[in-house]
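Please read them beside the structure.

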Amino acid sequence: MKSYVFETPGIENLRKIGNDMVYGTGLRVRILKAALNPLDYNVISGNIVYGLNPIPHIAGSEAIGELLEDGKGLKRGQRVIIYNRLYDSTCRMCRDGREYLCLNGGIWGVMTNGAFTEEVRIEEKNLVPIPEYVTDIQAVSLPIAALTPFHALNRASARAGEKLLIYGASGNTGILGLQFGNLMGLDVYAVSNNKEISTYGPVEIFPRNGVPDEFTADIVINPLGKETWADSLKHTSITGRMVAYGVLTGREGITNIPDLYTGEKTIIGSTGGSLNELMEILNIMKYHQIRIGVDRIFSFDELHQALKYFAAGRKGRVIIDFDL
Ligand SMILES: NC(=O)c1ccc[n+]([C@@H]2O[C@H](COP(=O)([O-])OP(=O)(O)OC[C@H]3O[C@@H](n4cnc5c(N)ncnc54)[C@H](OP(=O)(O)O)[C@@H]3O)[C@@H](O)[C@H]2O)c1
Ligand SMILES: [Zn+2]
């Protein structure tokens with residue numbers, strides 16, 4: 001079994017090792033594809049708020065695979081999405097259908113070894129069969145890139161006819177947020193220097209730092225943190241909701257408190273999404289195409305190059321294909 005492990009942070013410290021170990025517990029799964037996210041890059045670079053476990057560590061948190069054995073309901077040979085939130089099913093968050101907030105849980109690939117290994121063991125409750133109408137490339141973008149903005153829109157109680165403004169719209173989550181916004185009947189606006197995002201659906205694009213002063217939206221999705229925090233609250237309408245799920249440009253932002261309370265605005269934290277929401281996305285995909293822009297596909301042997309390429313800036317997803 002080949003895996004990439006590191007002990008000291010840094011892409012240069014990733015070592016490819018070979019042994020007989022299949023990490024984790026549950027059903028044996030051969031990884032087919034993994035998609036890169038800021039999370040993986042941050043885990044490998046040592047830039048995360050969570051504690052890593054174990055060390056030496058195998059990163060990788062968004063992946064699909066092929067089952068190598070039968071489960072109680074799942075069958076050997078099935079393609080599966082790995083739902084990457086670890087959960088105990090018993091705490092009050094799990095009982096409330098919010099297993100992504102499990103009080104005894106965490107993120108696969110962060111608090112356990114993850115996807116950058118040829119085979120893993122995953123509990124059956126974390127495996128979701130991929131319907132035949134969903135491609136591998138779509139499926140590997142569901143557990144993080146799609147689920148995160150879908151959940152964020154649910155957290156904001158999005159209603160058709162509302163205006164949605166997305167910061168970081170050309171990113172992994174932004175492109176999917178734009179498409180879900182359209183599907184939910186929202187009027188979508190985006191902050192992006194990349195005009196090509198209009199190929200994903202109807203959207204009015206403002207350049208970075210180019211949102212008109214008077215413009216406001218009912219829902220503002222801002223995964224960028226510090227640099228755009230003050231602006232995104234300013235562009236949240238009276239009674240509007242601003243949703244944060246990332247801190248790409250820094251962890252602390254300045255909040256204009258009178259603006260917050262005089263407009264009865266709401267700042268909402270959001271993270272990941274539930275298994276049920278993942279199933280809802282699969283159901284939406286029965287009737288609507290969800291488009292994933294792939295920038296480049298690398299083989300598993302090219303993981304170092306892939307991570308460097310990811311960090312250098314890209315237009316679309318960077319995917320690791322374990323069959324190349
Ligand atoms: N809590 C969760 O569950 C969760 C899940 C997924 C992601 N996240 C976090 O959410 C954030 C976004 O994730 P992602 O995967 O969508 O990231 P991404 O693919 O790296 O995209 C981020 C986008 O932000 C814009 N951007 C980058 N640097 C910027 C800057 N300095 N100022 C303004 N805009 C900038 C760019 O878009 P434009 O060129 O279009 O402006 C870029 O495409 C990350 O911090 C990630 O860790 C959290
Ligand atoms: Zn729990």
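1. How far apart do the C-alpha centres of domain 1 and domain 2 lie? The distance between these centres is 27 Å. Domain 1 covers 2-141 + 292-321 and domain 2 covers 146-269, with bounds from an automatic or database domain assignment.

2. This is a predicted model, in which local features need pLDDT of at least 70 and side-chain atom pairs count only at pLDDT 80 or more, while totals for chains, interfaces and linings use all residues. Residues are numbered from 1 along each chain as its sequence is written, and chains are lettered from A and ligands numbered from 1 in the order in which they are written.

3. At least three residues come from each of domain 1 and domain 2.

4. Not counting residues up to four places away in sequence, Val80 touches Val29, Ile64, Gly65, Leu67, Leu74, Leu127, Val128, Pro129 and Ile130; contact means C-beta atoms, placed from the backbone, within 7 Å.

5. Glycine 316 touches Gly293, Val294 and Asp295, again leaving out residues up to four places away in sequence. Glycine 316 and isoleucine 197 are 119 residues apart in sequence and 9.9 Å apart in space, C-alpha to C-alpha.

Note on methods. Two residues are in contact if their C-beta atoms, placed from the backbone, lie within 7 Å.
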